[in-house]
4 protein chains.
Amino acid sequence: MAQAEVKVGVVGGSGYTGIELLRLLLRHPMVSLHAVTSRQEAGQAVSAQYGNLLGQVDLTFVEPDLATLSACDLVFFATPNGVAMRLVPDLLAAGVRVIDLAADFRLRDPAVWEQWYGMSHACPELLAEAVYGLPELYRSAIQQARLVANPGCYPTAVSLALLPLVTQGTVDLQRVIADCKSGVSGAGRSANVNLLMGEVGESFKAYGVSGHRHLPEISQTLGAVSGAEVQLTFIPHLVPMVRGIHATVYAPLSAAIEDLQAVFTEYYAAEPFVQVLPPGGHPETRCVRGANQCHIAVQQPHPAGPVVILSVIDNLVKGAAGQAVQNMNLMLGLPEETGLQQVALLP
Amino acid sequence: MAQAEVKVGVVGGSGYTGIELLRLLLRHPMVSLHAVTSRQEAGQAVSAQYGNLLGQVDLTFVEPDLATLSACDLVFFATPNGVAMRLVPDLLAAGVRVIDLAADFRLRDPAVWEQWYGMSHACPELLAEAVYGLPELYRSAIQQARLVANPGCYPTAVSLALLPLVTQGTVDLQRVIADCKSGVSGAGRSANVNLLMGEVGESFKAYGVSGHRHLPEISQTLGAVSGAEVQLTFIPHLVPMVRGIHATVYAPLSAAIEDLQAVFTEYYAAEPFVQVLPPGGHPETRCVRGANQCHIAVQQPHPAGPVVILSVIDNLVKGAAGQAVQNMNLMLGLPEETGLQQVALLP
Amino acid sequence: MAQAEVKVGVVGGSGYTGIELLRLLLRHPMVSLHAVTSRQEAGQAVSAQYGNLLGQVDLTFVEPDLATLSACDLVFFATPNGVAMRLVPDLLAAGVRVIDLAADFRLRDPAVWEQWYGMSHACPELLAEAVYGLPELYRSAIQQARLVANPGCYPTAVSLALLPLVTQGTVDLQRVIADCKSGVSGAGRSANVNLLMGEVGESFKAYGVSGHRHLPEISQTLGAVSGAEVQLTFIPHLVPMVRGIHATVYAPLSAAIEDLQAVFTEYYAAEPFVQVLPPGGHPETRCVRGANQCHIAVQQPHPAGPVVILSVIDNLVKGAAGQAVQNMNLMLGLPEETGLQQVALLP
Amino acid sequence: MAQAEVKVGVVGGSGYTGIELLRLLLRHPMVSLHAVTSRQEAGQAVSAQYGNLLGQVDLTFVEPDLATLSACDLVFFATPNGVAMRLVPDLLAAGVRVIDLAADFRLRDPAVWEQWYGMSHACPELLAEAVYGLPELYRSAIQQARLVANPGCYPTAVSLALLPLVTQGTVDLQRVIADCKSGVSGAGRSANVNLLMGEVGESFKAYGVSGHRHLPEISQTLGAVSGAEVQLTFIPHLVPMVRGIHATVYAPLSAAIEDLQAVFTEYYAAEPFVQVLPPGGHPETRCVRGANQCHIAVQQPHPAGPVVILSVIDNLVKGAAGQAVQNMNLMLGLPEETGLQQVALLP
């Protein structure tokens, strides 16, 4: 391994997002893990909690105190919503850069945030400064940011599906439908009967039909790009598998497009982490399992009907920890692909 | 067991639809299995092919010859597309009633059929006579029918989701989207690398985006009910589970509806095999596993957006063999629920 | 449905064993469900908890009070260990017969019970009276019993695998190994991080290697049959599927056997719920899914090595609720197969 | 990426073992992929076959001709059994080193090989030269080898489980039992009805009880280490998951062992790819998914019973492609861990 140059901390290392961050950071050639915190597991070996790290790391979980974290150059929050916002102001003040993988800084409007997350925001003044960490859209702002709000998993898949068309203004944003499907790891790692394998194995269902927190996040992104008001229908579903998100996006056009495939291949030509499939392709979640990649295919099955965009990511990688490392690379001036060149695990 | 009264035959008993028919017919109190045919397995014990029948039945697969089948009162075809149409005219002539679980008689227009199925139809003159076997829509015609075309699995789930609204004329049928998800048993039981568990396990994908044979079937049903032209977008997906279909149907309204929930509960109030969930519910495929049931929920998440209808069936039961037995009961004048009262297997 | 003749109660109807009992009892032609209790869900519709019962039943969970239960002819306990023993003495005194699906009455020796279950037994005097509900072994005693201890899932699969050889005294009971594999529903339905699909999906592991409560239960049965002391090695494993147990039993012989296959087919010739596969067969858990069946195969791969017996059951049916109904039929003098003729759901 | 220094070829790149080799070799810092052959896919882009490589590689499958392969420094065979033996003599003669991931060179006795593989061996004279590629046992011989026979997946898991005890001579090798469980990718990627997800999903079964080709391979290894005759019982099972092997090995002791745990931790103290769990641990296949690791735990549940050793690997990594790369590193004089430091993908 190369010499460690940057000291990073991970707050909340005992959830699925945290463990995935550790997997990536442990093999990142330019960073050293200074602290991994977990209030519940403090004092325990990290590898006792996560068998995949057995023999790979000597770390012990520590308490998330400010002194420890302030000694880091950059801190990731892989915590439940509402935790990061209590610590971030002090860390920024101490000159530490922050990437929050939870939702505390994703919405710019504090009122909208408080409505969807059901609590008061502890530092609403930072919402305007926080940069939404979708590199394919906000790369240069991320490079300058002190505080990055890592996007949600569904918003990443849906936004990347729509950006090529929304940017050129050819979509009727009043009628877009995003039918999304996620593996169970997206629901996190807490003791919840509804997530037992006995409950969700060998079954398929929708959830959150009446409203899901990722809806305002997607609308904010599409609205920012288009300048238009967005009326999106977003329905998430639970797939009996562990990892992966598949977004099926139905986009009625507001103007004809000559070469749909070219719009997508050209838009993403220079992006290392978005691949456009050849015409007629169907992306599969397994093709991005464990990789910081988004695979996209586009078709218009009937000239009178909507464009159909299929977009897959690994919810824990491009939908969470991988994208966070990508953002870290940008913030630190490292090559964007550093530590993110894993090939997806297929089969 | 009750005395057998009706002699039935099953042609093509070695696929998933065939085995499911056997499971139901073996415990049906009013029928006796006269013949189960399979060209490939002729001479073998049925239970050697299907371990679930070990000790339950003494049947041996026989060749599908006309003499054997003509001795039946009713014959089911659980064969690949294109097989039934070669035998059905002779069977009808012999006074045998027929239910085809394949697609040979589902479309009324021979030209449309030949376009989607890629072969000439062997008896196009029967297409007009064949009754589409969706009892919730065509019950009385089925009761009189000699020949019933058992609906496809996706069309059953989607049609039942839309009937209450289409019947009252409140849907904009130019813009309906049916995003459907199926377990792998829907793809049948043939040696196909693409259906290996190593290929489809722990992964999710769409397929047939450019066009799927169930699209004209759904359009035909909705068109017949509405009298209008239908422009439907239908995208099927493959779920890493064995049984179950979940249809998520997006229906933009053409007229406001006062009490959406009541439209559905009233429409299906008398139906034994369709259950409408309480408001806010999310149907799960496991809740209908092994049962001849369709569970439906309906919501309109945003007043400016489409109505969202969630509909689940077991693709092999209400989507195939169970619905076929329901049709048989109607054709034979038996109580419609006879032999179909299994409770779904949960978990 | 036939007329209800026997009033039964189910205590603890909200776990997997309880819901499976309801599935079977609702379609049993000779019983009526008088009460289904659940402290936590009292007042709620049973179908609100279990979507598979939607439209199938009007029952509401009630509190488990003695008056309600005393009005039953027979009461099933589908409760955690340690609950039944507090209510059973009063119920027996009231003339109610009892089947406990938990472990309270499975071990005859109170000291052994208290060692493995970590609590004092509330009515040790009943342990001698309770009949171990394995009908293939104790049929006539069950027919006379007031109190039946329904066997554990692993003990059912392992005992049925070994009975033919142990009965004839040809096994070296000091060296038997039972390597067992269970689907996750065997672990019950409680909020436990270790049973999340994110934890157990797509993975396989052993558990309880140092000791599992089903070990003394199996040893007790084999010891009772053989009259010998038993030294068994029993290792359970968790399979990433919902239902099913597969026991692979390694039995070194103490005497040569001429026709191994015949020993098994003859021993189980008259049993409706045990099927012996043809020579060379490999039982599959899916072949008994949802059915009250045990499938067994036997081979001796090498003359100098142990006999290998493969035994599969559905842990919730022949391993719990189905066997309980079988015991009820025996206790009530009904034909043993009543209400238990479901064909397994394959695929 | 570092400069490529070694030219390698992969023959038979379109199976699961081949794709896994490509995943590892593409990110190996010291090799360049000179040729990937597939008779069936020749001319096609490798990424058209394997979506996980989309955008990651420009390779095209080529025909497996001698000229192309002779230009390589080292060639991997990821072909069906019986293919490598026809090409290997010419490649060795051309000075190319070879690693065969199939079984052609695993058994030293041609007669035993021909009995188990049902064909004549094309170059039996090479069997004595071929080195069995289990680095933990034959490291120094591998470093000198021209031809390495990469071990089977089951033999790797079972041999690593037993080596510490067999080396010290404390096991009764007449009575060892290896009860093994594998995910479906171990069965390969060919059109086989028995491997459809509809057949093996949500089910568990044993197979090959009467005899499996990995039995003589394991016996040969244990016999070579112990110098004794081995009478092993080996029963493989199929788990409804994609990757992973779990071996549960029952080893009756021939001599008492004071500190069982220490025997294992000391034996593997210096091994980078074998981890011994703390006492009481239960290894999980997910903890090695995608990683070239073997996790082992050991217990003796009862002093009178056998030692129980639990051993897990990813069948495609430490059980195939990863071990092959480990062998390549040894043969080429590279650090053994080069290109093999992936952390397992959990969850």
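How much area is buried between chain A and chain B, and what share of it do carbon and sulfur atoms give? In this predicted model, the answer is about 3600 Å², with 56% coming from carbon and sulfur atoms.

**Chain A with chain B**
- Each chain brings 42 residues to this contact.
- A:Glu202, A:Phe204 and A:Val209 supply 17% of the area that chain A buries here, more than any other three residues.
- Four salt bridges cross the interface, and B:Asp179 pairs with A:Lys181 in a salt bridge at 3.1 Å, N to O.
- You will also find 28 residue pairs in polar contact.
- Elements of chain A that give two or more residues to this side include strand E7 (177-182), helix H8 (197-200) and strand E13 (307-313).
- By class, the chain A side has 18 nonpolar, 14 polar and 10 charged residues.

**Chain C with chain B**
- Here 31 residues of chain C touch 31 residues of chain B.
- On the chain C side, C:Val343, C:Leu345 and C:Pro347 lose the most area, together 25% of what that side buries.
- There are zero salt bridges between these chains, but six residue pairs are in polar contact.
- Helix H1 (residues 16-26) gives the most to the chain C side, with four residues.
- That side divides into 14 nonpolar, 11 polar and six charged residues.

**A helix end in chain C**
- C:Asp109 caps the N-terminal end of helix H5 (residues 110-117), with a side-chain oxygen 2.8 Å from the backbone nitrogen of C:Ala111.
- Just after H5, C:Gly118 adopts a positive phi of about 65°.

Conventions
Residues are numbered from 1 along each chain as its sequence is written. Chains are lettered from A and ligands numbered from 1 in the order in which they are written. This is a predicted model: local features need pLDDT of at least 70, side-chain atom pairs count only at pLDDT 80 or more; totals for chains, interfaces and linings use all residues. Side-chain values use heavy atoms; hydrogens and water are left out. A polar contact is a pair of N or O atoms within 3.5 Å; within protein, one must be able to donate a hydrogen and the other to accept it, and residues adjacent in sequence count only if both atoms are side-chain atoms. Contact means heavy atoms within 4.5 Å. Buried area is the accessible area (1.4 Å probe) that two parts lose on being put together, summed over both. A salt bridge is a side-chain nitrogen of Lys or Arg within 4 Å of a carboxyl oxygen of Asp or Glu. Ala, Val, Leu, Ile, Met, Phe, Trp, Tyr, Cys and Pro count as nonpolar, Asp, Glu, Lys and Arg as charged, and the others, Gly among them, as polar.
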